[in-house]
Amino acid sequence: MIHKPARRIEAIEPSIFATMSRLAIEHAAVNLGQGFPDFDGPSWIVEAFAGALRSEKNQYAPMHGTARLRKAVAAYQQKFYGLEWNAETEITVTAGATEALFSSMLALLDEGDEVILFEPFYDSYYANALIAGATPVCVTLHAPSFRIDEAALNAAITGRTRMIVFNNPHNPTGRVFSQDEMNVVAACARRHNLLVLSDEVYEFLTFDGKHHTSFASLPGMRTRTVSISSTGKTFGMTGWKIGFAMATGNLTNAIRTVHQFATFAVNTPAQHAMAHGLEKLHDYLPDFRILYQQKRDMLLRGLEDSILKPITPEGTYFMMVQLPSDVGDDVQCATRLVTERQVAVIPPSVFYRRSTEGQRMLRLCFAKKEETLLAGIARLQFH
Ligand SMILES: Cc1ncc(COP(=O)(O)O)c(C=O)c1O
(Lines give C-alpha, C1' and ligand atoms only; values in the text may rest on other atoms or scores of the structure.)
Protein backbone atom coordinates (compact mmCIF):
# COMPACT_ATOMS: atom_id res chain seq x y z
CA MET A 1 0.00 0.00 0.00
CA ILE A 2 1.26 3.48 -0.86
CA HIS A 3 1.37 5.83 2.12
CA LYS A 4 0.18 9.30 1.21
CA PRO A 5 1.81 12.41 2.64
CA ALA A 6 -0.14 14.57 5.09
CA ARG A 7 -2.91 16.77 3.68
CA ARG A 8 -1.31 19.90 5.12
CA ILE A 9 1.52 19.67 2.58
CA GLU A 10 -0.58 18.75 -0.46
CA ALA A 11 -0.69 22.32 -1.78
CA ILE A 12 3.08 22.80 -1.52
CA GLU A 13 4.51 22.42 -4.99
CA PRO A 14 7.99 21.08 -5.73
CA SER A 15 10.40 23.95 -6.07
CA ILE A 16 11.71 25.18 -9.43
CA PHE A 17 15.12 25.61 -7.76
CA ALA A 18 15.78 21.86 -7.79
CA THR A 19 14.97 21.67 -11.51
CA MET A 20 17.10 24.69 -12.35
CA SER A 21 20.04 23.44 -10.27
CA ARG A 22 19.85 20.04 -12.00
CA LEU A 23 19.80 21.68 -15.45
CA ALA A 24 22.67 23.97 -14.44
CA ILE A 25 24.83 20.95 -13.55
CA GLU A 26 23.79 18.96 -16.65
CA HIS A 27 24.71 21.86 -18.95
CA ALA A 28 27.79 23.01 -17.01
CA ALA A 29 26.12 26.42 -16.78
CA VAL A 30 27.40 29.62 -15.18
CA ASN A 31 25.13 29.85 -12.16
CA LEU A 32 23.49 33.24 -11.54
CA GLY A 33 20.46 31.48 -10.11
CA GLN A 34 21.53 30.16 -6.73
CA GLY A 35 21.08 32.72 -3.97
CA PHE A 36 24.44 32.35 -2.28
CA PRO A 37 28.05 33.40 -2.88
CA ASP A 38 30.38 31.26 -5.00
CA PHE A 39 33.29 32.53 -2.88
CA ASP A 40 34.16 31.92 0.74
CA GLY A 41 33.38 34.10 3.74
CA PRO A 42 36.14 35.75 5.83
CA SER A 43 39.03 33.49 6.88
CA TRP A 44 39.11 35.06 10.38
CA ILE A 45 35.62 33.66 10.99
CA VAL A 46 36.70 30.24 9.72
CA GLU A 47 39.62 30.46 12.18
CA ALA A 48 37.19 31.32 14.99
CA PHE A 49 35.15 28.22 14.09
CA ALA A 50 38.29 26.06 14.13
CA GLY A 51 39.31 27.62 17.45
CA ALA A 52 35.90 26.77 18.95
CA LEU A 53 36.23 23.17 17.74
CA ARG A 54 39.65 22.86 19.37
CA SER A 55 38.54 24.40 22.64
CA GLU A 56 35.87 21.78 23.18
CA LYS A 57 32.86 23.85 22.15
CA ASN A 58 31.33 20.69 20.75
CA GLN A 59 28.39 19.75 22.96
CA TYR A 60 24.80 20.97 22.84
CA ALA A 61 24.48 24.73 23.14
CA PRO A 62 21.74 26.12 25.39
CA MET A 63 18.31 25.70 23.75
CA HIS A 64 17.94 29.43 23.06
CA GLY A 65 21.56 29.92 21.91
CA THR A 66 24.96 30.61 23.46
CA ALA A 67 25.08 33.58 25.82
CA ARG A 68 27.90 35.13 23.80
CA LEU A 69 26.00 35.06 20.52
CA ARG A 70 22.78 36.37 22.06
CA LYS A 71 24.74 39.21 23.65
CA ALA A 72 26.44 40.00 20.34
CA VAL A 73 23.03 40.10 18.62
CA ALA A 74 21.60 42.38 21.33
CA ALA A 75 24.64 44.68 21.02
CA TYR A 76 24.43 45.12 17.25
CA GLN A 77 20.66 45.63 17.33
CA GLN A 78 21.20 48.37 19.90
CA LYS A 79 24.06 49.98 17.99
CA PHE A 80 22.49 49.97 14.53
CA TYR A 81 18.77 50.32 15.31
CA GLY A 82 18.55 51.60 18.88
CA LEU A 83 16.58 48.47 19.81
CA GLU A 84 16.98 47.04 23.31
CA TRP A 85 16.39 43.28 23.18
CA ASN A 86 16.92 41.33 26.39
CA ALA A 87 19.48 38.68 25.43
CA GLU A 88 18.08 36.20 27.95
CA THR A 89 14.35 36.49 27.34
CA GLU A 90 13.90 38.02 23.88
CA ILE A 91 16.51 36.51 21.55
CA THR A 92 16.47 32.92 20.28
CA VAL A 93 19.21 31.44 18.09
CA THR A 94 17.78 29.24 15.32
CA ALA A 95 18.99 27.04 12.48
CA GLY A 96 19.15 29.92 10.03
CA ALA A 97 16.41 32.45 9.39
CA THR A 98 14.55 29.57 7.75
CA GLU A 99 13.94 27.88 11.10
CA ALA A 100 13.18 31.21 12.78
CA LEU A 101 10.43 31.82 10.19
CA PHE A 102 9.09 28.29 10.51
CA SER A 103 9.08 28.24 14.33
CA SER A 104 7.50 31.72 14.46
CA MET A 105 4.68 30.85 12.08
CA LEU A 106 3.96 27.55 13.81
CA ALA A 107 4.04 29.22 17.20
CA LEU A 108 1.88 32.23 16.37
CA LEU A 109 -0.66 31.16 13.76
CA ASP A 110 -3.83 29.19 14.29
CA GLU A 111 -5.71 27.19 11.74
CA GLY A 112 -7.87 29.51 9.65
CA ASP A 113 -5.77 32.62 10.32
CA GLU A 114 -4.87 34.70 7.28
CA VAL A 115 -1.31 35.88 6.64
CA ILE A 116 -0.50 38.77 4.34
CA LEU A 117 2.43 38.12 2.00
CA PHE A 118 3.78 40.74 -0.37
CA GLU A 119 4.43 39.02 -3.67
CA PRO A 120 6.90 38.27 -5.15
CA PHE A 121 7.71 36.50 -1.86
CA TYR A 122 10.53 34.36 -0.51
CA ASP A 123 9.05 30.91 -1.04
CA SER A 124 9.28 29.56 2.50
CA TYR A 125 6.65 32.05 3.79
CA TYR A 126 3.94 30.50 1.66
CA ALA A 127 4.85 26.92 2.60
CA ASN A 128 5.22 27.77 6.31
CA ALA A 129 1.82 29.44 6.41
CA LEU A 130 0.22 26.35 4.86
CA ILE A 131 2.03 23.99 7.23
CA ALA A 132 0.73 26.11 10.13
CA GLY A 133 -2.79 25.63 8.76
CA ALA A 134 -3.09 29.32 7.90
CA THR A 135 -4.15 30.90 4.62
CA PRO A 136 -1.64 33.05 2.73
CA VAL A 137 -3.20 36.18 1.17
CA CYS A 138 -1.00 37.89 -1.41
CA VAL A 139 -0.63 41.62 -2.07
CA THR A 140 1.30 42.34 -5.27
CA LEU A 141 4.26 44.70 -5.45
CA HIS A 142 3.91 45.82 -9.06
CA ALA A 143 6.97 46.02 -11.33
CA PRO A 144 9.01 48.01 -12.04
CA SER A 145 8.71 50.17 -8.88
CA PHE A 146 7.64 47.30 -6.56
CA ARG A 147 6.17 49.88 -4.18
CA ILE A 148 3.77 48.96 -1.37
CA ASP A 149 0.24 49.83 -2.45
CA GLU A 150 -1.64 51.07 0.63
CA ALA A 151 -5.08 50.53 -0.88
CA ALA A 152 -4.25 46.97 -1.95
CA LEU A 153 -2.85 46.17 1.49
CA ASN A 154 -5.93 47.50 3.27
CA ALA A 155 -8.23 45.68 0.86
CA ALA A 156 -6.54 42.36 1.70
CA ILE A 157 -7.26 42.65 5.45
CA THR A 158 -10.22 40.69 6.81
CA GLY A 159 -11.45 39.77 10.28
CA ARG A 160 -9.26 36.66 10.07
CA THR A 161 -5.98 38.43 9.28
CA ARG A 162 -3.44 37.75 12.02
CA MET A 163 0.00 38.51 10.58
CA ILE A 164 1.84 40.49 7.92
CA VAL A 165 5.13 39.08 6.65
CA PHE A 166 7.43 41.94 5.74
CA ASN A 167 10.80 41.31 4.10
CA ASN A 168 13.14 44.27 3.89
CA PRO A 169 15.56 44.54 2.02
CA HIS A 170 13.40 42.48 -0.27
CA ASN A 171 14.21 39.26 -2.10
CA PRO A 172 13.71 39.02 -5.08
CA THR A 173 13.00 42.65 -6.07
CA GLY A 174 16.02 44.27 -4.39
CA ARG A 175 13.77 46.96 -2.87
CA VAL A 176 14.74 48.78 0.31
CA PHE A 177 11.33 50.09 1.33
CA SER A 178 11.03 53.78 2.14
CA GLN A 179 10.06 55.12 5.54
CA ASP A 180 6.64 56.02 4.11
CA GLU A 181 6.02 52.49 2.87
CA MET A 182 7.09 51.03 6.22
CA ASN A 183 4.76 53.45 7.98
CA VAL A 184 1.89 52.19 5.81
CA VAL A 185 2.56 48.62 6.98
CA ALA A 186 2.97 49.73 10.61
CA ALA A 187 -0.26 51.75 10.56
CA CYS A 188 -2.12 48.77 9.10
CA ALA A 189 -0.70 46.47 11.81
CA ARG A 190 -1.70 48.94 14.55
CA ARG A 191 -5.19 49.53 13.14
CA HIS A 192 -6.00 45.82 12.89
CA ASN A 193 -3.91 44.60 15.85
CA LEU A 194 -1.70 42.36 13.67
CA LEU A 195 1.63 40.67 14.24
CA VAL A 196 4.47 41.49 11.86
CA LEU A 197 7.04 38.87 10.93
CA SER A 198 9.94 40.99 9.76
CA ASP A 199 12.55 39.13 7.72
CA GLU A 200 15.71 41.27 7.69
CA VAL A 201 18.36 38.78 6.53
CA TYR A 202 19.71 41.32 3.99
CA GLU A 203 19.88 44.12 6.58
CA PHE A 204 23.51 45.01 5.75
CA LEU A 205 23.24 44.57 1.98
CA THR A 206 22.10 48.06 1.06
CA PHE A 207 23.60 50.29 -1.61
CA ASP A 208 24.09 53.93 -2.63
CA GLY A 209 24.42 55.07 0.99
CA LYS A 210 21.01 53.65 1.97
CA HIS A 211 20.71 52.21 5.47
CA HIS A 212 18.32 49.67 6.83
CA THR A 213 15.64 50.53 9.39
CA SER A 214 14.57 47.63 11.58
CA PHE A 215 10.79 47.32 11.52
CA ALA A 216 10.55 46.83 15.30
CA SER A 217 12.03 50.32 15.79
CA LEU A 218 8.95 52.00 14.27
CA PRO A 219 6.46 53.51 16.72
CA GLY A 220 4.32 50.85 18.39
CA MET A 221 5.98 47.96 16.56
CA ARG A 222 8.36 46.66 19.24
CA THR A 223 5.69 44.51 20.94
CA ARG A 224 4.00 43.17 17.81
CA THR A 225 7.03 42.40 15.63
CA VAL A 226 9.10 39.24 15.41
CA SER A 227 12.42 40.38 13.90
CA ILE A 228 14.31 37.70 12.08
CA SER A 229 17.81 37.77 10.73
CA SER A 230 20.76 35.52 10.12
CA THR A 231 24.51 35.71 9.74
CA GLY A 232 24.47 33.75 6.46
CA LYS A 233 24.22 36.73 4.09
CA THR A 234 26.16 39.23 6.21
CA PHE A 235 29.23 37.02 6.48
CA GLY A 236 28.80 35.08 3.23
CA MET A 237 28.52 31.78 5.14
CA THR A 238 25.07 30.55 4.15
CA GLY A 239 25.97 26.94 4.93
CA TRP A 240 26.44 27.55 8.64
CA LYS A 241 22.75 28.30 9.20
CA ILE A 242 23.00 30.60 12.20
CA GLY A 243 19.88 32.73 12.49
CA PHE A 244 17.89 34.39 15.25
CA ALA A 245 14.41 35.55 16.17
CA MET A 246 13.90 38.62 18.36
CA ALA A 247 10.57 39.35 19.97
CA THR A 248 9.00 40.48 23.20
CA GLY A 249 8.95 37.85 26.02
CA ASN A 250 5.51 36.32 25.48
CA LEU A 251 6.09 35.91 21.71
CA THR A 252 9.60 34.56 22.35
CA ASN A 253 8.23 31.95 24.78
CA ALA A 254 5.87 30.71 22.08
CA ILE A 255 8.63 30.63 19.43
CA ARG A 256 10.93 28.72 21.82
CA THR A 257 8.22 26.13 22.42
CA VAL A 258 8.36 25.19 18.73
CA HIS A 259 12.12 25.71 18.41
CA GLN A 260 12.78 23.38 21.36
CA PHE A 261 11.01 20.49 19.67
CA ALA A 262 11.97 21.26 16.06
CA THR A 263 15.70 21.89 16.50
CA PHE A 264 16.41 22.13 20.24
CA ALA A 265 19.91 23.61 19.97
CA VAL A 266 21.94 25.00 17.08
CA ASN A 267 25.50 24.15 15.99
CA THR A 268 27.74 25.19 18.90
CA PRO A 269 31.10 26.06 17.25
CA ALA A 270 29.34 28.04 14.51
CA GLN A 271 27.55 30.10 17.17
CA HIS A 272 30.90 30.96 18.76
CA ALA A 273 32.41 31.91 15.41
CA MET A 274 29.42 34.05 14.43
CA ALA A 275 29.45 35.79 17.80
CA HIS A 276 33.05 36.72 16.99
CA GLY A 277 31.92 37.96 13.57
CA LEU A 278 29.14 40.13 15.03
CA GLU A 279 31.52 41.57 17.63
CA LYS A 280 33.66 42.82 14.71
CA LEU A 281 30.73 43.90 12.53
CA HIS A 282 31.52 47.59 12.65
CA ASP A 283 35.01 47.08 11.13
CA TYR A 284 33.85 44.43 8.68
CA LEU A 285 30.89 46.19 7.09
CA PRO A 286 32.47 49.01 5.01
CA ASP A 287 34.47 46.66 2.75
CA PHE A 288 31.58 44.20 2.60
CA ARG A 289 29.20 46.88 1.33
CA ILE A 290 31.71 48.15 -1.24
CA LEU A 291 32.34 44.62 -2.52
CA TYR A 292 28.65 43.92 -3.14
CA GLN A 293 27.93 47.34 -4.61
CA GLN A 294 30.77 46.75 -7.10
CA LYS A 295 29.23 43.42 -8.04
CA ARG A 296 25.80 44.98 -8.49
CA ASP A 297 27.27 47.75 -10.64
CA MET A 298 29.25 45.29 -12.75
CA LEU A 299 26.08 43.35 -13.56
CA LEU A 300 24.10 46.55 -14.24
CA ARG A 301 26.77 47.85 -16.61
CA GLY A 302 27.14 44.45 -18.24
CA LEU A 303 23.45 44.39 -19.16
CA GLU A 304 23.36 47.96 -20.55
CA ASP A 305 23.23 46.79 -24.16
CA SER A 306 21.22 43.63 -23.59
CA ILE A 307 17.51 43.34 -24.34
CA LEU A 308 17.14 42.23 -20.71
CA LYS A 309 16.24 45.42 -18.83
CA PRO A 310 17.56 45.45 -15.26
CA ILE A 311 15.60 47.03 -12.41
CA THR A 312 18.30 48.58 -10.20
CA PRO A 313 18.27 46.89 -6.77
CA GLU A 314 18.68 49.13 -3.72
CA GLY A 315 19.63 46.15 -1.55
CA THR A 316 20.07 42.32 -1.35
CA TYR A 317 22.19 40.46 -3.89
CA PHE A 318 19.42 39.93 -6.42
CA MET A 319 18.48 41.81 -9.54
CA MET A 320 15.23 41.50 -11.47
CA VAL A 321 15.48 41.97 -15.24
CA GLN A 322 12.50 42.55 -17.50
CA LEU A 323 12.00 40.41 -20.58
CA PRO A 324 11.00 41.69 -24.00
CA SER A 325 7.59 40.46 -25.18
CA ASP A 326 8.86 38.09 -27.88
CA VAL A 327 10.98 35.66 -25.85
CA GLY A 328 8.31 33.53 -24.18
CA ASP A 329 7.59 33.47 -20.47
CA ASP A 330 10.11 33.35 -17.63
CA VAL A 331 10.16 29.54 -17.31
CA GLN A 332 10.63 29.05 -21.08
CA CYS A 333 13.27 31.76 -21.17
CA ALA A 334 15.16 30.43 -18.12
CA THR A 335 15.06 26.88 -19.56
CA ARG A 336 16.43 28.08 -22.89
CA LEU A 337 19.13 30.15 -21.20
CA VAL A 338 20.42 27.19 -19.24
CA THR A 339 20.19 24.63 -22.06
CA GLU A 340 21.26 26.81 -25.03
CA ARG A 341 23.48 29.47 -23.46
CA GLN A 342 24.68 27.68 -20.34
CA VAL A 343 23.65 30.36 -17.87
CA ALA A 344 21.28 29.54 -15.01
CA VAL A 345 18.81 32.12 -13.68
CA ILE A 346 15.58 31.91 -11.64
CA PRO A 347 12.13 32.32 -13.24
CA PRO A 348 10.35 34.52 -10.67
CA SER A 349 6.76 33.48 -11.47
CA VAL A 350 7.28 30.91 -8.68
CA PHE A 351 7.31 33.81 -6.21
CA TYR A 352 3.78 34.94 -7.17
CA ARG A 353 0.31 33.50 -6.56
CA ARG A 354 -1.98 36.37 -7.67
CA SER A 355 -0.23 38.22 -10.44
CA THR A 356 1.31 36.90 -13.67
CA GLU A 357 3.88 39.73 -13.75
CA GLY A 358 6.64 37.32 -12.77
CA GLN A 359 6.40 35.70 -16.21
CA ARG A 360 7.90 38.86 -17.72
CA MET A 361 11.05 38.89 -15.57
CA LEU A 362 14.07 36.84 -14.48
CA ARG A 363 15.95 36.95 -11.19
CA LEU A 364 19.74 37.09 -11.29
CA CYS A 365 22.07 36.71 -8.29
CA PHE A 366 25.23 38.82 -8.24
CA ALA A 367 26.85 37.30 -5.11
CA LYS A 368 29.43 35.83 -7.47
CA LYS A 369 33.14 36.09 -8.22
CA GLU A 370 34.09 38.62 -10.86
CA GLU A 371 34.91 35.84 -13.34
CA THR A 372 31.48 34.21 -12.80
CA LEU A 373 29.72 37.54 -13.31
CA LEU A 374 31.69 38.30 -16.47
CA ALA A 375 30.99 34.84 -17.90
CA GLY A 376 27.29 35.20 -17.02
CA ILE A 377 27.09 38.68 -18.56
CA ALA A 378 28.67 37.43 -21.80
CA ARG A 379 26.02 34.70 -22.04
CA LEU A 380 23.17 37.15 -21.39
CA GLN A 381 24.04 39.40 -24.34
CA PHE A 382 20.94 39.33 -26.51
CA HIS A 383 20.47 42.32 -28.76
C1 LIG B 1 14.39 36.60 2.27
C2 LIG B 1 15.09 35.43 2.86
N3 LIG B 1 14.77 35.01 4.08
C4 LIG B 1 15.37 33.96 4.66
C5 LIG B 1 16.36 33.25 3.99
C6 LIG B 1 16.98 32.06 4.65
O7 LIG B 1 18.02 32.42 5.46
P8 LIG B 1 18.93 31.32 6.18
O9 LIG B 1 19.89 30.80 5.18
O10 LIG B 1 19.57 32.06 7.31
O11 LIG B 1 18.03 30.23 6.67
C12 LIG B 1 16.75 33.65 2.70
C13 LIG B 1 17.77 32.90 1.96
O14 LIG B 1 17.91 33.01 0.78
C15 LIG B 1 16.09 34.77 2.12
O16 LIG B 1 16.41 35.18 0.89
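Mentor: A word to start with: buried means under 20% relative accessible area, exposed over 50%, and partly exposed in between, using a 1.4 Å probe and protein chains only. This is a predicted model, so local features need pLDDT of at least 70 and side-chain atom pairs count only at pLDDT 80 or more, while totals for chains, interfaces and linings use all residues. Residues are numbered from 1 along each chain as its sequence is written, and side-chain values use heavy atoms, with hydrogens and water left out.

Trainee: Is C333 buried or exposed?
Mentor: Compare its relative accessibility with the cut-off of under 20% for buried. C333 has 7% relative accessibility, so C333 counts as buried.

Trainee: Which cysteine has the sulfur closest to that of C333, and how far away is it?
Mentor: A disulfide is a covalent bond between the sulfur atoms of two cysteines. Here the rule is a pair of cysteine sulfur atoms within 2.5 Å. The closest sulfur to that of C333 is too far for a bond: it belongs to C365, at 18 Å.

Trainee: How many disulfides does the count come to?
Mentor: By the sulfur distance rule, the count comes to zero disulfides. C188 is in none either, and its nearest cysteine sulfur is that of C138, 15 Å away.

Trainee: How is α11 oriented relative to α13?
Mentor: Helices (H or I, at least four residues) and strands (E, at least two) are DSSP runs, numbered from the N terminus. Axes are lines fitted to C-alpha atoms, for helices over the stretch in contact, and angles run from 0 to 180 degrees between N-to-C directions. The axes of α11 (residues 281–302) and α13 (residues 370–379) come within 10 Å and cross at roughly 15°. Angles under 35 degrees count as roughly parallel, over 145 as roughly antiparallel, 65 to 115 as roughly perpendicular and the rest as oblique, so α11 and α13 are roughly parallel.

Trainee: Which residues of α13 does α11 meet?
Mentor: Contact means heavy atoms within 4.5 Å. From α11, the residues taking part are K295, M298, L299 and G302. Their partners in α13 are E370, L373, L374 and I377.

Trainee: Where is G112, and which residues does it contact beyond its neighbours within four places in sequence?
Mentor: G112 lies in the loop between α4 (96–108) and β3 (114–119). G112 and G133 are 21 residues apart in sequence, yet their C-alpha atoms are 6.4 Å apart. Beyond those neighbours, G112 contacts G133, A134 and R160.
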